[in-house]
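Here's a structure to look around in. Let's take it one piece at a time.

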Amino acid sequence: MSDLYDIIVVGAGPGGLAAGLYGSRAKLKVVVLEKELPGGQINKTGIIEDYPGFSSIDARELAEKMANHAKEFGAQILSTNATSIRKVGETFEVETSEGVLKSKTVIAATGGSPNYLNVKGEKEYWTKGVSYCAICDGPLPIFRNKPMIVVGGGDAALEEGMYLTKHASEVHLVHRKDDFRASKIIQDRVKENSKMKLVLSSTVEEIGGSDLVEWAD
């Protein structure tokens, strides 16, 4: 892997694939690195609604379309994990699980990853009631007008919980401590919202149901 690329893109989410697409359109030699599946976190949801150009589309189908579009212009997508980036003279060296790649430019599009609960039933009910994206999945029929649970105590958990009150009958906010680490202004909004139910000093031990996650009283 001693070839010199014009651009190495680290991360093949929508941003990384777009960078790969436009770099390749400019007739540059581009490789996009992704440790999981092209598409990034959109692969962790089921149906995506109202993405520009699609009223509704399967998440993995959308990811595949994005990846194929970048490939059409010559972008290479490599399944590997980038472990370090260093500047050597006028070039960059990216250490990967497949060896060292060299380029004139590096674009970091690493995005983020969800914090998993690692409890029984979490993997089994992913896309069947378990979600890692409130905005993506909250409006879907399987969730709408039903009680929902958000786990966490930071800004993201409280903000997504507040968003979900637009679609849920009520939102139970489960946090392992007796107070939140979120900013005070967000905490105040949560406490003022009658649809938000606080479940403090508690942890999720198991997720279950039949075909979908079921609410247990």
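Predicted model: local features only at pLDDT ≥ 70, side-chain atom pairs only at ≥ 80, totals over all residues.

Residues are numbered from 1 along each chain as its sequence is written, and side-chain values use heavy atoms, leaving out hydrogens and water.

Start with the open sheet, where three strands run in the order β9-β10-β11 with parallel pairing. Strands are DSSP runs of E with at least two residues, helices are runs of H or I with at least four, and both are numbered from the N terminus; two strands pair if DSSP finds at least two bridges between them. β9 (147-151) and β11 (196-199) sit at the edges with a single partner strand each, so one side of each has no neighbour in the sheet. On average, neighbouring strands here are turned by 25° against each other, direction ignored. Angles run from 0 to 180 degrees between N-to-C directions, with axes fitted to C-alpha atoms, for helices over the stretch in contact.

Now zoom in on β10 (residues 170-174), which pairs with β11 in the parallel sense over four bridges. One to look up: His172 has Lys197 in β11 as its bridge partner. Packed on this sheet is helix α4 (residues 155-164), which touches β9, β10 and β11 (contact means heavy atoms within 4.5 Å) and points at about 170° to β9.

Finally, the backbone. Most residues other than glycine have a negative phi. Lys27, though not a glycine, has a positive phi of about 65°, and is found in the loop between α1 (14-25) and β2 (30-34). Lys27 is exposed, at 75% relative accessible area (exposed means over 50%, with a 1.4 Å probe and protein chains only; buried is under 20%, partly exposed in between).
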